[in-house]
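Dear colleague,

Please read them with the model open beside you.

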Amino acid sequence: MWVKPQEVLVAGFVWTTEDHNTYFVLQKRRGRGGEGGLRSMMVATLDNVRESKPPPYRILLQTHHGELSYLIGTANSQSEAMRHWEYLKLEVLPMLGTFDSQDEAFSFAASKVESLLASADIPAASSQDTESGKFRVASEQFHKDFKLPEEEELVNYYSCSLIQNNLPHQGWLYLSVNYLCFYSYFMGTEVSVKLRFADVVRLQKKNSVLVAAGIQVCTRDDEYIFAVFMHRDETFALMEQLVAVAMKGLLTGSNTTSGLQKRDTTLEPGEQKTSKKPSTIKQDLDTRAQSHHFQILFRLPEEEQLEGSFDCTLWLPYSKSHALGKLYCSANYLCFTTKMKSLCSAVIPIRDIAVFDRMDEDAIPFGIHIIMKSKATFLFAQLRHRDFVCEQISSYLERAQGESISFVEEEDQELVEAKSKLSDALMNTFKQDIPQNAQAREAIKIHLWGLHFAEYGRGVSMYRNTQIMDLVLKGIPDSLRAELWLCSSGAMNDLQTHPNYYCKLTLRAMSEVPVAVAEEIERDLHRSLPEHKAFQCDTGISALRRVLTAYAVRNPAIGYCQAMNIVCSVLLLYCSEEEAFWLMVALCERLLPDYYNTKVAGALVDQGVFEALAKEHLPELYDKLHELGVLSMISLSWFLTIFLSVMPYASAVNVLDCFFFDGSKALFQVALAVLEANRRDLLEVDDEGEAMSRLTEYLERVNNRDATLPVVLPPIPTAAVKAGMATSLKSVDVSDLIMAGYKQFSFVTEEAIDSFRMKLRLEVVKTLEDNNRRTIVRAIGTKTSFTREELGIIYLEFLEHHRSSTSYKSQPVVRGHSDNDPVDSLTLDKEHFVDFFTAMQPWKLGDSHVSYAERLFDMWQVHELVDITVCTRLLDVMMRKPLNQRLELLFCSHLSRDTPIFQQQQHVQPPAARKSTSLEKLITDRQRLAQQRDSLSADSRRPSTKELIAQMAAGSDRPSPSVSLSSSPDQRLSSSPTASSSSATVPVLTGVAVDGGYHDVRLSPLAQRAAQSGMRTPASLLPADDGPYRCMVQAEFIQLWKLVNDIVRQESEDNMELYQSMQQCSSLIMMRGMECGEAALLANSRTASTVSDSGSTGSSSIAVGGGGCAGISRTPSQASVATSEERTAAECRRQGAAPDPESSWKLPLKLFQTAIMTAPELSALLERKPAVALCKHTVSRAASTLISYQPRT
C-alpha cells in the first residue's frame, strides 16, 4: 500500500535491494523468504521478539543527497510489491525523465504518491489506525505461518514464552476464533504450536519457580505452559471465553462462533456505526461475557444485551438512605445493584414505567425520578449518563405506544378454543382438606409477606434484599408461590412480553412434535405424581401433556428429557399451564442450562462440582463414598429433579422455593447438608447398596410441618427398631434441613460453583466426546475391514475436516433426541472432502487427486454432503477390498454424470438417491444382480476372474463352462445355445497371454457375415453385462487412464517394467474397446432394422444391446422406440458413412478389470494394502501439532 512520504535512512544491515533505478529502490527485509546467513537470522529473531513487525517489502524514493531517502510504499507479499513496482516503472518513471532537475522530479514523484493516497481515500494515520495496522500485519503473519483460511479471524495476540524442556522459547501467542497458536523463531530455530480450542481438556493458571506467571493448556496428548509476563489475566480470560464457546458448540452440535463475525458492537451515545475491524472480535467477546453476567445476575431473557453500566445512587425508602451502586441499562430493562453484595437490587422493566422526570440539579444532582404503573417509585442520583438513560426510556415508550396503536392481534376461533382448554393451578381445581394448624401457619405467612410487600414493593420491580430470603427460608404460602416463582426466576418477564405464545405452541404441537418425542412423553405422563388426584384423571394428564409438547416445539434441541415431567407436574399444582410453561423455559434455558438433553452435560458437570465440594469440605466422608462409588449415583437424580423425586413433594417444594430465589447454590447446600446429617451412619456402611439405602430412607422421611398437602412418611422398619436405629430414622423437617445447609455451607457461593464448573466442563465434554467417538467408530466399522485403531484414526481425521467445514458457517441445530444418529451429523462438503481424501487416500497422487476426489464426491453426495459412513467405506474399498472392487470404484467414478451411469433396463437407483449411500451396499447389490444374470445351468459354473487370469497366464486350453478368453471366434460362435442366448457373457478379451506377449484375435469374418445377413448376433460377441453400470466411452477412459498414469508416476518413476506393463495394458484396452464398440454397433444396427420391420406384431423376443453394452431380450412394446444410438447406427449403415468414434468404442467394466489383472506389476501397485496411519500425506491432526526444526525454511 502507498504511504505518506517519510524520511528514512538506507540501512544496509536489515534491508537488501531487490531492484532499483535512478529514482526508486525496491528492498526486502532480511530474514524473510528463507535466505540464510547470520545477519538474516539476527534480523528475523529481532522482528519476532519485538512488538513492531515491519512489512517485508518497501519502496523508497531516492534523493540526490546520498543516504537520505523517502519511504513511499510497503507490501506484505512479493506479488503486492511487484505490482506497485511495475506501476512506478511503467507510469511514473518515464515522466520523471522529462524534468530538468532532480529536485523537480522528486517533488513530482512525492506529489504523485500523495495523489494516489487521496484517490484511494486513505485517511491520515492516527494512533488508532497505527494499532489497526499492527493488528492487520499480525493477522496476515498468523494466516501465513499456520496456513489457515482467511475466514479464521484473529482475536488478539500476545508476546509470551513457551516453556519446553525447562527452556523458554520467546515468541507470539495468537488467539483466533477456533485456534490457539504459538510461533517462535530464535537464531534459526523455529517452534510452532497449533491446536483447536475444542481439543483443550484443561486450562488453568500456573505459578512455579521457573514460571512466575504461566498459563497451562492441556490436550489429550500434550501439555503446554505459556509464560505471559504481561496481561496474563487478560490472556487467560480471553482463553476461557474462547474455550467456553468451543465447548458450547460441541454440546449443541452447531457452530457457535459464526455470530462473532456478524454481531455489531455496542454503540455509545452519539457514536456513529462504522465498519467493523478485525480487533473488535475481542470487544465482541467481552460484550458477550458482560451481557451473560447481566442476564444471570438479574434473571433476564437471553436476548437482552447490556448496552451500558453507570455508577449512581438509589434512594431506599425503607431505610431512608442512598445506596451506592451501579445501574445496568439494556433495551428493555433498567437494573440496579449495590456495591455491597446482597444489600439491595431492583429490576425495572421499562414497559411498566408510567412517568419519569429529570430532577432539579440543585436538589438532586444528575437525578431521575421514575414512577411505575404499580405506584412504586425509584429515585436515582449522581447518574452522569442521565441523558442517555432518559433517551433509552423515551425511545422504548414511543416505540411501545406506536406498536400498540398499529398492531392489535385478533384472536381466531381456534386460538380462543385453545385458551379455553387451559387449566388453572391444579391445587385450586383439586382442593384437599387442610388441617387447622396448617391453616393458621399459612395465614401467618401470608400476613408476613403482606407486610413485606407493603414496605418493599410487589412484583418484578420490588426491592430485593436479605429480608426476602428470610421469608423464603420460612416457607412461601401456597397462594403466593406462582407469583413469587415467576418474579424470582424471571419467567414473569417472558409471560408478560409474549401474550398467546403458549397457546399458539399448543396448536403447533399437534402436528410438529416428532413421533419419538411424543411417544416418550406419553410413557412418562402417568409416572408423574401418581399419588395426587390431579394426575389420576385426564385434567392433570392433559395439562402436563400440553406443557411438555409445547416446550418440545419451542426448543427442539432439547425436545423432551426424563425428569422434566416430574418437575413440570409439581409446577402445575401451584401455577396455571402458561405460568408452568414459562417456568420450565427459565429452568431449562437459564437456571439449569444443559441439564435436560440427551447428554445431561450440565447435570454431569454439577455432579463433578458436588464431588469436588464434598472432597474439600467433607474429606473423610468423601473418601468413603468415593470408594463405594455412591456420589455419582445419588447426585444426578437429586439435581435433575431438584429433590422432587427423592423427597415427599410437599417437602421438596420448599427446596424449589430456595432454588428459584437463590439459584443452583441452594441445591449444593442442601445436598451437602444431607451428607453431613448422615455422616456417622455413612462412615459405618460396608457397600454401596447399604449407603444408598440409608440416604434413601433419610430423604423419604423429610417432613414439612407447614405443608397444606398431606405428607405421607414411610413407617420405620421393624428390623431398624430391633437394631436400635429408630432414633436415626426419625423424620427431619425440611426447613431445618435447608437452614442447616445455609448456615454450615454458607461459603458455597455462585462464584465458587462457576469456578468448579469451568474446570469440570472441559473434562465432561471430553468424556462425552469420547463416548460419542466409540459409538461412531462402532457404527462405521460394522461393514469394513479396518481395525478399531484404524477406524479411530479415520474418525479423528474426518472430525478435523468436519470442524473446519462448520467453523465458518452456521449449521442447523441438530435435534437432541434418540432418533438422531450421531453419524448423520458428521458430514463434509466438497471442498473439505477433497482435503480429507488427499490426507487419507492410499496412493500418492499428483494433480489428479482433486479431480478424482471431486468425482467421488459427486457420485456419493446427498444434498451436497457426504457422511463419515460413506467416506469410511470408500476408503475400505480403496485400501482393503479385493482388486476387482477397487477397479470397479475407479471405473464407475469416471463415468460422466451427464448421462446415467446405470443401464436403463435395470432401473437401478443411483447412489445419491438410495436410502443408504454406502459403497458396500451398492457393491453387494451389484454382485447379487450380477449373480442372478450370470447364473448358468445347474450343472455348470462360470469361472471366476482369478481362474480366468490363471488360465491365461498358464496358457491353459482346458475348456470352461462358458466361452473362454482363449477360445477362437469360431468356437465362440459354436457355443451352446444356453450360453449364447443367455444374458450371461464373458469379457470380450480376445488377447491371449503367450510367451509374455499378447496374441491379437479380432472379430472373425464369419461373425461379421452373420451379423450382416440378419442372423442373431451371439451374446458372446457383445460387451459383458456385468452389473448396473453402462459402458465407458473413450473420453471417459482417457480421464481414468490419466489418473492411473499419475499413480504410477508418483509411486515409482524409475520402474520401467511398471511403465511397460501399463503401456501394454492401455494398448490392449484401446484395441478391445474398439472391438466391443464395433460389435455393439452391428447389434444395434440389426436391432434398428428389426424394430422398423416388426411394427406391432406379437411378443417375439428381440436381442439388443442394453445401452450398447449387453445382450438382453426386449418385447416389441419395450423396443418400439429405438435409442438414439441405434438410430444413428442404422442411419450410418444405410448411408455408408462411418459411425461416431465415441459410439464405436465401448469399455465394459469386466473388460477393464480383466485387462488390469493381466498386468502383474500394475495390479500389484493398485492392490497394495497400506496401513491407515501411513496414508496421511498432510499434517492435519485432530489433536495439537508441535513442530520444531532447524534451520528455518
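In what follows, a contact means heavy atoms within 4.5 Å. The model is a predicted one.

On that basis, Trp 638 touches Phe 610, Phe 643, Val 646, Ala 671, Val 674, Leu 695 and Leu 699, with residues up to four places away in sequence left out of the list. Trp 638 is also among the residues with the most contacts inside the largest nonpolar core, which has 173 residues, and the others named there are Phe 226, Trp 485, Met 564, Tyr 596 and Leu 675. Another core, of 70 residues, lies apart from that one and includes Val 777, Val 823, Met 1032 and Val 1044.

Turning to the rings, the count comes to 41 aromatic pairs. One of them joins Phe 837 and Tyr 852, and because the centres of these rings are 5.4 Å apart and their planes stand at 80°, where over 60 degrees is required, the pair counts as edge-to-face. The two residues are 15 apart in the chain, with Phe 837 in helix α30 (residues 830–840) and Tyr 852 in helix α31 (residues 848–860), and the pair thus links distant parts of the chain. Phe 837 has 3% relative accessibility and therefore counts as buried, and Tyr 852, at 2%, counts as buried too.

Elsewhere, ring pairs link Phe 135, Phe 142, Phe 146, Tyr 157, Trp 172 and Tyr 174 into a cluster. Finally, the charged end of Arg 481 sits over the ring of Tyr 574, at 5.3 Å from its centre.

With best wishes

Conventions
Residues are numbered from 1 along each chain as its sequence is written. This is a predicted model: local features need pLDDT of at least 70, side-chain atom pairs count only at pLDDT 80 or more; totals for chains, interfaces and linings use all residues. Side-chain values use heavy atoms; hydrogens and water are left out. A nonpolar core is a set of buried Ala, Val, Leu, Ile, Met, Phe, Trp, Tyr and Cys residues joined through side-chain atoms within 4.5 Å. Buried means under 20% relative accessible area, exposed over 50%, partly exposed in between (1.4 Å probe, protein chains only). Rings of Phe, Tyr and Trp (its six-membered ring) pair if their centres lie within 6.5 Å; planes under 30 degrees apart count as stacked, over 60 as edge-to-face and the rest as tilted. Helices (H or I, at least four residues) and strands (E, at least two) are DSSP runs, numbered from the N terminus. A charge sits over a ring if NZ of Lys or CZ of Arg is within 6 Å of the ring centre and within 35 degrees of the ring normal.
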